[in-house]
Amino acid sequence: MSRLAATAALTVLVALLAGCGGTTVVHEPTVVVTPGQSPSEAPQARPSGGVRIAVVTHGQASSPFWAIVRTGVEAAARQMDVVVNYRAPDVYSLERMKAMIDQAVATKPDGLVVSIPEAGLGPAIRRAVRAGIPVVSINSGSDVYRRFGVLAHVGQPEERAGLQAGERLAAAGARRALCVNQQIGNQGLDARCRGLAHAMRAAGGRSRVLGVDDQSPSTPRKIADAVRSGRIDGVLTLNATSAIEAVKAVRRLDATPAPKVATFDLGPDVLRAVRARQLLFAVDQQAYLQGYLPIVLLTQRARYGLFPAQGEVLPTGPNFVTPASAGKAIDLSKRSIR
């Protein structure tokens with residue numbers, strides 16, 4: 001175990017032992033709510049002597065994945081007895097994220113947690129650092145966070161995850177792979193496709209990227225057309241929604257043998273599809289920990305000046321859910337933990 005991983009594990013243990021029940025629960029992306037209060041009654045001022053942390057992510061509040069991240073944030077806020085203000089744009093927007101970061105900085109929190117889907121967020125993050133606010137990044141941004149002055153990154157090294165997912169597809173016989181990307185330009189998603197491409201080349205195959213709108217009803221047809229025209233034998237989707245669309249696409253093809261389909265990220269439908277062997281596997285980047293760990297780390301820093309070695313990645317993935325392990329993951333998904 002690396003020094004960072006060991007330190008983080010110890011920090012989490014301290015948090016669990018020191019947790020004193022919940023005083024803060026985040027119910028809405030832009031509102032802090034304490035138990036027993038409605039959003040309109042939520043306190044916005046810092047409690048006397050308390051720690052306050054701001055979180056800004058790029059994921060929509062309606063996303064099953066980001067709901068799990070927020071569950072982790074809420075659990076850490078309760079256990080550490082801190083106030084957390086969680087914000088996310090209703091629709092992905094780099095400009096909106098910049099504005100949210102600047103608004104968070106203006107409130108002078110004790111720490112800032114931010115995802116970095118694009119390097120264009122750099123100036124806003126640097127403004128937070130120059131204002132003396134410690135920043136931890138999560139999810140996207142493992143390859144750029146250091147240049148912005150971020151203390152640490154909690155998430156999955158995306159290109160390595162794509163490589164390992166591609167190696168699993170190759171081991172299952174895939175040589176002509178399709179990477180279904182619902183947000184081309186998102187550096188984390190693009191890195192996953194690069195990893196897949198590397199794995200396919202190493203196996204003597206190839207891959208291509210298909211851009212989709214995962215909210216469009218035409219997506220299954222679009223995936224099916226790409227599979228048919230490219231004689232695709234392996235499909236890797238990059239989120240849970242696209243995974244189910246790909247399963248529908250394979251049914252539409254009614255081909256024998258059917259292309260192998262796998263995905264990043266979990267959700268109840270994805271886990272059921274893995275258990276039913278409609279999906280070969282699902283890559284679990286442990287979204288819960290991506291929400292939980294930064295709150296613990298920044299709280300310990302604010303209270304005691306404790307923090308793991310700076311400039312490191314605390315990897316939360318990739319982990320792989322297969323038909324053999326899907327049942328346990330389904331049980332945890334009912335609690336928004338997996």
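Okay, let's start with two helices, α3 and α4. In this predicted model, helix α3 covers residues 94-106 and helix α4 covers residues 122-130, and the two pack with their axes 9 Å apart, at an angle of about 5°. That angle is why we call α3 and α4 roughly parallel to each other. If you want to click on the residues that touch, on the α3 side take K98, I101, D102 and V105, and on the α4 side take A124, I125, R127 and A128. Sort that contact by class and you get five nonpolar residues, three charged ones and no polar ones.

Helix α7 is residues 219-230, and α8 is residues 240-253. Their axes come within 8 Å and cross at roughly 60°, so this pair counts as oblique. As for the hand of it, α7 passes α8 in a right-handed crossing. Who makes the contact? From α7 we have T219, P220, R221, I223, A224, V227 and R228, and from α8 we have S242, E245, A246, K248, A249, R252 and L253. By class, that contact of α7 with α8 comes to seven nonpolar, two polar and five charged residues.

The largest pocket has a volume of about 600 Å³. Its lining is made up of 29 residues, and the ones nearest the centre are Q60, S63, Q182, D214 and N239. What kinds of residues line the pocket? There are 15 polar, nine nonpolar and five charged.

Then there are the cavities. How many of 30 Å³ or more does the structure hold? Two. The largest cavity has about 70 Å³ of space in it. Around that cavity you'll find F65, I68, D265, L266, V283, D284, Q285, Q286, A287, I337 and R338. Helix α2 turns up here too: α2 and strand β12, residues 282-284, each give at least two residues to the lining of the largest cavity. By class, this lining has six nonpolar, two polar and three charged residues.

How values were computed. Residues numbered from 1 in each chain as written. Predicted model: local features only at pLDDT ≥ 70, side-chain atom pairs only at ≥ 80, totals over all residues. Heavy atoms only, no water. 1 Å grid on protein atoms, 1.4 Å probe; cavity = no way out; pocket = protein on both sides within 12 Å on 5 of 7 lines; lining within 4 Å. Points joined across faces, edges and corners; volume = space filled by probe spheres on them. Helix = DSSP H or I, 4+ residues; strand = E, 2+ residues; numbered from the N terminus. Nonpolar A, V, L, I, M, F, W, Y, C, P; charged D, E, K, R; others polar. Axes fitted to C-alpha atoms, helices over the stretch in contact; angles between N-to-C directions. Parallel < 35°, antiparallel > 145°, perpendicular 65-115°, else oblique. Left-handed = near helix turned anticlockwise from the far one by under 90°. Contact = heavy atoms within 4.5 Å.
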